[in-house]
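Open the model in your viewer and keep the selection tool ready. Each stop below says what to select and what is there.

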Amino acid sequence: MQSGKKNKQQQFDIRYLEMARIWAKNSYCKRKQVGALIVKDRQIISDGYNGTPAGFENVCEDQNNITKLYVLHAEANAITKVAKTNNSSEDATLYVTTSPCIECSKLIIQAGIKRVVFAELYSKNEGLELLKRAKVEIVHLPDDEAKINKQDK
């Protein structure tokens with residue numbers, strides 16, 4: 001029974017991660033497009049993608065192709081977006097296309113998110129280390145693993 005439940009959860013993880021990848025396509029960033037969904041009780045309660053703050057021009061990189069300092073990460077956008085609603089991210093799962101950085105990991109912990117599912121590894125791993133320290137469950141589902149599991153169905 002447990003393995004069937006675990007397999008079903010993995011299928012949901014794969015699907016929500018696919019949706020986060022689609023959502024990432026909304027980003028105007030050229031170097032990297034990242035998408036995030038916050039899911040609670042199998043309902044999407046927030047979404048986000050990396051980009052500039054509301055009211056700013058939709059240009060994420062400067063003339064040297066360096067990301068501007070004020071660009072928000074997908075996770076930060078999703079967390080701040082849910083904060084504007086009556087929803088709570090307490091005990092929710094965050095699906096994000098790239099593992100969180102240290103700053104986003106702080107927000108994840110403070111938002112009460114208990115689980116993070118991601119596909120790609122960020123260039124630095126301090127964020128994941130902080131999440132582990134806070135006992136946030138971390139699930140790495142690389143793109144190739146998701147494709148293999150999808151073919152099994």
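**Stop 1: the second largest pocket**

β2 (43–49) and α2 (74–83) each supply at least two residues of the lining of the second largest pocket. Helices (H or I, at least four residues) and strands (E, at least two) are DSSP runs, numbered from the N terminus. The model is predicted: local features need pLDDT of at least 70, side-chain atom pairs count only at pLDDT 80 or more, and totals for chains, interfaces and linings use all residues. Residues are numbered from 1 along each chain as its sequence is written, and side-chain values use heavy atoms, with hydrogens and water left out.

Select Tyr-49, Thr-52, Ala-54, Leu-72 and Asn-77: of the 15 residues that line this second largest pocket, these lie nearest its centre. A pocket is found on a 1 Å grid over the protein atoms alone; it is an open set of points where a 1.4 Å probe fits, with protein on both sides within 12 Å along at least five of seven lines, and lining residues have an atom within 4 Å of a point. The volume of the second largest pocket is about 370 Å³. A volume here is the space filled by probe spheres set on the points, and grid points are joined across faces, edges and corners. The lining of the second largest pocket divides into six nonpolar, six polar and three charged residues. Ala, Val, Leu, Ile, Met, Phe, Trp, Tyr, Cys and Pro count as nonpolar, Asp, Glu, Lys and Arg as charged, and the others, Gly among them, as polar.

**Stop 2: the largest pocket**

The largest pocket has a volume of about 490 Å³. Select Lys-32, Asn-50, Thr-67, His-73 and Tyr-122, which are the closest to its centre among the 20 residues that line the largest pocket. By class, nine residues of this lining of the largest pocket are nonpolar, six polar and five charged.

**Stop 3: Ser-27**

Go to the loop between α1 (2–24) and β1 (35–40) and select Ser-27. Is Ser-27 buried or exposed? With a relative accessible area of 5%, Ser-27 is buried. Buried means under 20% relative accessible area, exposed over 50%, and partly exposed in between (1.4 Å probe, protein chains only). Not counting residues up to four places away in sequence, Ser-27 touches Lys-32, Gln-33, Tyr-49 and Asn-50; contact means heavy atoms within 4.5 Å. A polar atom of the Ser-27 side chain lies 3.0 Å from the backbone nitrogen of Cys-29.

**Stop 4: helix α2**

Colour α2 next. Seven of the 10 residues of α2 are buried, so the helix is mostly covered. The buried residues are Ala-74, Glu-75, Ala-76, Asn-77, Ala-78, Ile-79 and Val-82. They pack against β1, β2, β3 (93–98) and α3.

Now select Val-82, in helix α2. Its relative accessibility is 4%, so Val-82 counts as buried. Leaving aside neighbours within four places in sequence, Val-82 is in contact with Ile-38, Ile-45, Ser-46, Asn-87 and Ser-89. Val-82 and Ile-38 are 44 residues apart along the chain, and their C-alpha atoms are separated by 8.4 Å.

**Stop 5**

Which residues of α3 are buried? Select Cys-104, Ser-105 and Ile-108, which are buried in α3. They cover an arc of only 105° around the axis, which puts them on the same side of α3. The arc is that of the directions from the helix axis to the C-beta atoms. The buried residues of α3 pack against α2, β3, β4 and α4. After α3 comes Gly-112, with a positive phi near 80°.

In helix α4 (residues 126–133), select Gly-127, Leu-128 and Leu-131, which are buried. Their arc around the axis is only 95°, which puts them on the same side of α4. What covers the buried residues of α4 includes α3 (102–110), β4 (115–120) and β5 (137–140). Lys-135 follows α4, and its phi is positive, near 65°.

**Stop 6**

Select Arg-42 in the loop between β1 and β2. Arg-42 is not a glycine, yet its phi is positive, near 60°. At 45% relative accessible area, Arg-42 is partly exposed. Move to Asn-65, in the loop between β2 and α2. Asn-65 also has a positive phi, about 65°, although it is not a glycine.

Finish in helix α1 with Gln-9. Gln-9 touches Arg-42, Tyr-95 and Arg-115, not counting residues up to four places away in sequence.

Technical notes: A polar contact is a pair of N or O atoms within 3.5 Å; within protein, one must be able to donate a hydrogen and the other to accept it, and residues adjacent in sequence count only if both atoms are side-chain atoms.
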